[in-house]
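I opened my notebook to look up the salt bridges in one structure.

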Amino acid sequence: MNPMEELRAARPAHLDERQVDEQTRAVELARAMARPREPRRGRSRVARPVWGFGLAGAVAAAAAVAIVVSGNTAVPDPGVRHAVATQQTPTEQTPTEQTPTEQTPTEQAPTVRLSARDVLLAAAEKAGRQVEGRGDFWHSVTISRNVYVAEDGYRVVDRSSSEQWTPADPKGEQWWRTRSLGVQPMTDADRRAWEAAGKPSEIVVRMPAKDRKNKPGRLTLPTTPRPERFDSSKLVDGHVFWLGRNVTMKDLRGLPDEPEALKKWLMASYAGHGTESTSEEMTGDAWLFKVAMGLIMDMPVTPEVRGAAFRMLADLDEVEVTAGVTDAEGRQGTAVSVRETYPQGGVSDNRLIFDETTGRPLANEHVVVRPGGYQAGLEPGTVWNSNAVIEAGWTDTLPR
């Protein structure tokens, strides 16, 4: 396929029959260059999980064009909010950090500013094109990470894995396998502090009160992995997931595949408060984003419904998009986020990271904006909670 044919193949359908400006051409060229190439002869192919996660030529995209994305309205200063969500290595520099001698026409790629709507609509089309498999069980694998501050002041990361088999049969049995992967100091500096504290095998962390009526508590975390748990249970009234309310497999398979209809279906369960507590105030956009997160991440909906969910998010006023984000598993993608304020104190960005070239979800993360509550003692920019989807799809194979 020659470069022009790649460019046409990469062009989102929602841009068809419109006048193409130079910025759009630059973006499309970047996407075409970022598509996976055929492997060279003599090289072995690596098997991918069901979702087929990967970087998908992120380096090629970065070389072709530098993309700055923003909300649906005006483009904000890239050094303000986007600095919270974008992860960079110490050797990387943002355009505002470069010296005048480095900003020469021969060294700088063109910067194209895209709205959150444009990025999400492109992702919606890619997500809607995915081929859906078949099977008796919906199978998913996730890796979770939570950051805590120990009583001695150092930070630790608690990791766990979860695997689940959800039956298509409403009278079927649901299986799950969970395992704690242990607690480790977050950084080298935290490790030195842990060693100075005597290398405790159990680390005590403080937990904030859920609301004003409760008292703060304590949580003891072992540094060694705990035994694996493997269990099953019959479905209760056919309920398999929570989507603003308990839903059955039939509910999920019958969701509207048009964004407005899908939003109406979901918002019928919104009551003005958060998803965890009635005392937690939450805007409709933030609530809808949080509920739609699970739908996009790893629920057994059709590709068309997943695409409709992306289009639904494209119409939210509060949504922000950030390119070049790396999840906890080291995979690079694009993040779409909304800001959340918690009754215990603290503010976070709740973000979904996805592969923009395929529309496939990678992870759901919470990034500290203002420490407080569960994030007390953590610096702004810290990813204090992460759930990375490793695999999700239909299977006929039961766990053993």
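Predicted model: local features only at pLDDT ≥ 70, side-chain atom pairs only at ≥ 80, totals over all residues.

Entry 1. Residues are numbered from 1 along each chain as its sequence is written, and side-chain values use heavy atoms, with hydrogens and water left out.

Entry 2. I looked up the total and found eleven salt bridges (a salt bridge is a side-chain nitrogen of Lys or Arg within 4 Å of a carboxyl oxygen of Asp or Glu).

Entry 3. I checked Glu-125, which pairs with Arg-129; their closest N and O atoms are 2.5 Å apart. Glu-125 counts as buried because its relative accessibility is 9%, and buried means under 20% relative accessible area, exposed over 50%, partly exposed in between (1.4 Å probe, protein chains only). Arg-129, at 47%, counts as partly exposed.

Entry 4. I turned to Glu-151 and Arg-218, whose closest N and O atoms are 3.0 Å apart in a salt bridge. Glu-151 sits in the loop between strand 3 (137-149) and strand 4 (155-167), and Arg-218 is in strand 7 (residues 217-222), 67 residues apart. Strands (E, at least two residues) are DSSP runs, numbered from the N terminus. Glu-151 is partly exposed at 36%, while Arg-218 is exposed at 58%.

Entry 5. I found a salt bridge between Glu-163 and Arg-177, with 2.9 Å between the closest N and O atoms. Glu-163 is in strand 4 and Arg-177 in strand 5 (residues 173-185), so the pair ties together parts 14 residues apart in sequence. Both residues, Glu-163 and Arg-177, are buried. A network of salt bridges links Glu-163, Arg-177 and Glu-228.

Terms used: Helix = DSSP H or I, 4+ residues; strand = E, 2+ residues; numbered from the N terminus.
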